[in-house]
Amino acid sequence: MNFSNYEQSILIVDDEKSNRNILTELLSPVARIILAKNGEQALKKALQHKPDLILLDIIMPDIDGFEVMTSLQSHPETQHISVIFITGFHDEFAEEEGLSLGARDYVTKPFSNAIVMARVKTQLELKKKEHQLHLLANTDILTGINNRRQYETLFEKEWNRCWRSQKPLSYLLIDIDYFKKYNDSLGHSAGDETLTKVAECLESSLDRPADFVARYGGEEFVIILPESDLTAAEHVSKKLCDNIFNMKIEHPKSPHKFITISIGATSTIPSEEFNKNKLLNKADDLLYGAKDKGRNQYICG
Ligand SMILES: [Mg+2]
């Protein structure tokens, strides 16, 4: 797990250019800055960039800060973004209203640079901790890829997305061949190392951002390819088998001499009749077929 390359970003929303300029100059050393000059732009950019923090002006023409906040809260993709309201000087009502809507904090105009910086840093620090906890909870400790829990979350999300668009979703169940024999002959520490290498190889073999791999359990992995039909699943399966074999990790007890994988791959357009369980069972049957036929291969169906 690598937390260090996580760059934080702040969306600054203010209808006055001078305020945007002051805040940008002040905060650009601590985060990437995104700017919006009205409520409509703010909602659009929040959804597009999913910043860690939004500095939100209350008084703006058309959509004001309160309305922006309400919209952010009602959207599943933006409701977790922290918001600091920018209120007029001594406007207690606005502060109360903002906090009751779910803002984390507020700053008053005219700005005190030190106070803005302190409040922003506190929120960014909290966000960083939330992000780390999220990663820890959803990452497989041994291999560093998605764990079973994250698989459940992502599968549900992609399944629903493909259901709405009525596009196919492909499901690949993958098993390392003769892995028990590998552990028995070389020891569990070699086994762990190989599991990690296989996981990394599977992950790096996927090209599109929405494709994902997770450790399903033991030496089993699952890959989901949203918006992909069986032809695409077959193409990916072939690539995965080749890439794993080409790592040439010696396996003294395998007829294939090296670490290999078997894959059962299937695809469907989500519907009531063909639910997630059926997809999983079908992939499982196909995987056993690939094992029966001698392993180091994929069966798509
Ligand atoms: Mg304003």
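Visitor: Which residues does Ser205 touch, not counting residues up to four places away in sequence?

Guide: Ser205 touches Lys239, Leu240 and Asn243 once residues up to four places away in sequence are set aside, a contact being heavy atoms within 4.5 Å. The model is predicted, so local features need pLDDT of at least 70 and side-chain atom pairs pLDDT 80 or more, whereas totals for chains, interfaces and linings use all residues. Residues are numbered from 1 along each chain as its sequence is written, and side-chain values use heavy atoms, without hydrogens or water.

Ser205 sits in the loop that joins helix H8 (188–204) to strand S7 (212–217); helices (H or I, at least four residues) and strands (E, at least two) are DSSP runs numbered from the N terminus. Although it belongs to a loop, Ser205 counts as buried because its relative accessible area is 4%, where buried means under 20%, exposed over 50% and partly exposed in between, for a 1.4 Å probe and protein chains only.

Another serine, Ser71, lies in helix H3 (residues 65–74) and is partly exposed, with a relative accessible area of 32%. Leaving aside its neighbours within four places in sequence, Ser71 is in contact with Leu43 and Thr78, while its C-alpha atom is separated by 29 Å from that of Arg149, which stands 78 residues away along the chain.

Turning to the cysteines, a search of the whole structure finds 0 disulfides, a disulfide being a pair of cysteine sulfur atoms within 2.5 Å. Cys241 takes part in none, since the nearest cysteine sulfur, that of Cys300, is 9.2 Å away. Cys241 counts as buried because its relative accessibility is 6%. For Cys162 the closest cysteine sulfur is again in Cys300, but at 17 Å, which is too far for a bond. Cys162 is buried as well, with a relative accessible area of 0%.

The lining of the largest pocket receives at least two residues each from helix H5 (113–138) and helix H6 (148–165); lining residues have an atom within 4 Å of a pocket point, and a pocket is an open set of points on a 1 Å grid over the protein atoms alone, where a 1.4 Å probe fits, with protein on both sides within 12 Å along at least five of seven lines. Because domain 1 (9–134) and domain 2 (148–300) both give residues to that lining, the largest pocket lies between them, the domain bounds coming from an automatic or database assignment.
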